[in-house]
Amino acid sequence: MENLSEFEANQKDLIHILHKIQAEYGYIPSQALSSISKHLKISESEIFGVLTFYKAFSLKPRGKHLVTICTGTACHVRGAPMILDELKRQLSIEPGETTEDDLFTLETVNCVGACALGPIVISDGDYHGQMNTREVNKLIKKIKKEIKE
Amino acid sequence: MDKISITRLEEIKTEVAESRKKQKTCITICGGTGCHAYGCLEIAQAFKNAIKKQRLQNQVNVRTTGCHGFCERGPIVVIQPAGIFYQRVKLDDINEIISETIINKKVLDRLLYVDPRTGERIVEEKEVPFYKKQKRIIFGNNGFIDPTDVKDYIALDGYKALTKVLFNYTSEEVISEIKTSGLRGRGGAGFLTGIKWEICRQSLADVKYVICNADEGDPGAYMDRSLLEGNPHSVIEGMIIGAYAIGASEGYIYVRMEYPLAVKNITVALKQARNLGLLGEFILGSEFSFDINIFRGAGAFVSGEETSLMASIEGRRAFPRQRPPFPAQKGLWGKPTNINNVETWANVPLILNKGADWYSQIGTKKSKGTKIFSLVGKINNTGLVEVPMGITLREIVYDIGGGIKENKKFKAVQTGGPSGGCIPAEMLDLSIDFDTLTKVGSMMGSGGMIVMDEDTCMVDIARYFLEFTQEESCGKCVPCRIGTRQLVEILTRITQGKGEEGDVKKLLDLAKIIKEGSLCGLGQTAPNPVLTTIKHFRDEYEAHIIEKSCPALSCKDLIVYYIEPKKCVGCLLCLKSCPVSAIKGERKMVHVIDQDLCIKCGACLDVCPPKVGAVSKYTGKKRDRILKKASSIRDRK
Ligand SMILES: Cc1cc2nc3c(=O)[nH]c(=O)nc-3n(C[C@H](O)[C@H](O)[C@H](O)COP(=O)(O)O)c2cc1C
Ligand code: FES
């Protein structure tokens, strides 16, 4: 599949390759494993081991909208757990999962450097500060409404 | 080629000085991550457009800089050279700033910072209490530098230390200077940097490496990120000097994947450094050759540990390994490798510029220099603060941090992230350095400082950190993998009101086993949050276990939300905001929460107007009474 010629045929380029594929497809398609394996001359099981070790890579595609909540310490003490509960309830998924209609993926992140605004929720790259359960509710409703339109 | 590049460096400095003579005024807009979230990019663009429209671009320079540290008050705009400090600037303010402050030289009162204690409006950045007690020798330049322009760094004596070192110092002399300075690693354990370099220098090999650890795993810290994003050349210069000292030819910056802006800014900085002959072959015309690669991490906390980090660069799973051999002897691909934290590297050029003697006057006997902390949580002035080692916690929390939000009671600070511990209010006068923090059961770590107030539950905090380490445990050794899971199970039970007598002892016993039996620092320090909270807040553990109550009113399973009938005005606000329709009532009638339906999301408390204040949380006996009453009413129905 992938053109890997820009990478050295050396295990040290494995994580770079995985980053590139993840960025391009939003996940690591299973066919990619065999092309990487051929290029780097390491076994598919070794690649699988590395890929599943790191959180950056996923074997499943993400939903259309990405909702990320900061669960860093500063946001935690300012009430992030309540907001996470509300997001889970609204979307009926756990962090790391995607809704069945492939519309939403919920993820957590640790400290995005905006602690002054905590608790922080990021929807498709937009930062929303000083969140509470009500605001996050509105946010999800708004995105859902936009999807319908 | 000899010396040409040095001359070029001098030329750049003169060029910048000349252009600044013409562009006397400089509007700097903080472009740190906090201000990004507030929308500083639009503000910077609007300033640029407005300056152009007024045809002022030859006199006024507009620059987006790195983080100024005072994230609470963003977006921050500082007008140089006067140093006028405008905070919480909005798009609507821009035209007025230009017409009044830039053209008419008048200060706009409403954008100034007001000292909450005196009510006084403060004009200059350096007079703001948040900055006054800081000593910003590493972080201060952030506010003057456009990180994507090496010239800004050079104008502030950037790469001067490197020039000095390459042509006047032997490697041994550099190491000796760093040793004399007393610099200790800022990445966690506080190992003496000069000694580490010396060991690596003495390890003989054909190839050696230096690494900058920018994995910044502490989930409440962002100073490494702000340094890399805001002043990447200071880190690069430090690395080149270090590489020269130990004889390394190749370097890596290992950056956490969540930091795309840092990756972008370093990429630009490395390119500019190469173009100027500051990296690559025969640096600045000297005999020394060295270059740096960027490696993007892939999301694993344990990869911040040095041996795991190297495994990760090699393209493998980030498993730690037994030490010795230390990386300085056998590191990346089995070659001697020196690994230091971002902030450690950023200290290096400063030490060589100003001299070890100057540097070692700052700080305490055994902890020299400054430390950058991310002061966050329930604090009024959230931000990044750089303070001399030895400052007291009280000065940080009250003088710099401006005290606790909403005048609540200070309970504790947590330092050292998942490896650290909680320091209680009784210890506010503790002077902060590597050794004092370790002595009280916490640690410096990378510099997270999370302030907690009366509403923070200490059992929950312990559970939070343990859940974090348990999730991040790489699973290689049993005490860490199984032990942390058991700690989380017990702590979770306690916060759910299912704690049993003897749980505290169980926690203590497990902590001991994990500390002693784990392979790497992750496991060895993982129990610290549990140990310090038990030590200082045992009463909270007992309240949860024996009385099934959470004194901080934080643990969901141990509290109820209740509408005080005497206070409720029947405004329907809470009723409408409840996501599960658990509140019954009508306009002008007292509202009641159906405790069976309530999911304890807190929305009602958030919306009840403060002057009404009808919604309260209760725990313990009062909670039991409320629940009992609710169920008897239900039964009657
Ligand atoms: C679990 C674990 C995580 C760590 N994470 C980091 C980190 O994120 N950043 C860092 O600089 N050091 C981290 N360290 C410390 C490194 O192993 C190493 O000691 C440090 O990078 C050395 O640099 P210094 O001497 O400049 O402090 C971590 C250590 C452990 C045990
Ligand atoms: S902890 Fe959430 S932004 Fe820092």
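Modeller: The bounds of a domain, as used here, come from an automatic or database domain assignment. The model is predicted, and every value below was computed from it.

I begin with the chain that surrounds the ligand. For chain B, the assignment gives domain 1 (6-131), domain 2 (158-360), domain 3 (370-453), domain 4 (458-547) and domain 5 (556-636). Taken over C-alpha atoms, the centres of domain 4 of chain B and domain 5 of chain B are separated by 34 Å.

Now to the ligand itself. There are 19 residues around ligand 1, and those that come nearest are B:Gly187, B:Lys196, B:Asn340, B:Asn341 and B:Thr344. The numbers of these five residues fall within the bounds of domain 2 of chain B. A backbone N or O atom of B:Arg186 lies 3.3 Å from an oxygen atom of ligand 1. For B:Gly187, a polar backbone atom is 2.7 Å from an oxygen atom of ligand 1. In the case of B:Lys196, an N or O atom of the side chain is 2.8 Å from a ligand oxygen. On its own, ligand 1 has 610 Å² of accessible area, and the protein covers 89% of that area. Two elements of chain B, β10 (337-341) and α21 (521-525), each give two or more residues to the shell around the ligand. The largest share, three residues, comes from β10(B). By class, the shell residues divide into ten polar, six charged and three nonpolar.

One residue leads from the ligand shell into the neighbouring protein. B:Thr193 is placed in helix α9 (residues 193-202) of chain B. B:Thr193 counts as buried because its relative accessibility is 1%, and buried means under 20%. Apart from neighbours within four places in sequence, B:Thr193 is in contact with B:Ile178, B:Leu183, B:Arg184, B:Gly185, B:Asn340 and B:Thr344.

B:Ser171 is found in helix α8 (residues 171-181) of chain B. At 11% relative accessibility, B:Ser171 also counts as buried. A polar atom of the B:Ser171 side chain lies 3.2 Å from the backbone oxygen of B:Tyr244. Leaving out residues up to four places away in sequence, B:Ser171 touches B:Arg201, B:Tyr244 and B:Ala245.

Several details of the backbone in chain B should be noted as well. B:Pro324 is found in the loop between α13 (306-313) and β10, and the peptide bond from B:Arg323 to B:Pro324 is cis, with omega near -5°. The peptide bond from B:Gln80 to B:Pro81 is likewise cis, with omega near 5°, and B:Pro81 has its place in the loop between β3 and β4. Two residues other than glycine have a positive phi. B:Tyr159, in the loop between α6 (150-155) and α7 (160-168), has phi near 65° and is buried, with a relative accessible area of 0%. B:Glu406, in the loop between α16 (393-400) and β13 (410-415), has phi near 55°; at 65% relative accessibility, B:Glu406 counts as exposed.

After α4(B) comes B:Lys105, with a positive phi near 55°.

Chain A has six helices and four strands, which follow the pattern α-α-α-β-α-α-β-β-β-α along the sequence. The assignment gives chain A a domain 1 (4-53) and a domain 2 (65-148), with C-alpha centres 30 Å apart. The C-alpha trace of chain A spans about 50 × 35 × 25 Å along its principal axes. Of the 149 residues in chain A, 53% are buried. Among contacts between residues at least 6 apart in sequence, 59% join residues at least 24 apart. Chain A exposes about 7,000 Å², of which carbon and sulfur atoms supply 48%.

Notes
Residues are numbered from 1 along each chain as its sequence is written. Chains are lettered from A and ligands numbered from 1 in the order in which they are written. This is a predicted model: local features need pLDDT of at least 70, side-chain atom pairs count only at pLDDT 80 or more; totals for chains, interfaces and linings use all residues. Side-chain values use heavy atoms; hydrogens and water are left out. A residue is near a molecule or strand if one of its heavy atoms lies within 4 Å of it. A polar contact is a pair of N or O atoms within 3.5 Å; within protein, one must be able to donate a hydrogen and the other to accept it, and residues adjacent in sequence count only if both atoms are side-chain atoms. Accessible areas come from the Shrake-Rupley method with a 1.4 Å probe; for residues, only the protein chains shown count as cover. Ala, Val, Leu, Ile, Met, Phe, Trp, Tyr, Cys and Pro count as nonpolar, Asp, Glu, Lys and Arg as charged, and the others, Gly among them, as polar. Buried means under 20% relative accessible area, exposed over 50%, partly exposed in between (1.4 Å probe, protein chains only). Contact means heavy atoms within 4.5 Å.
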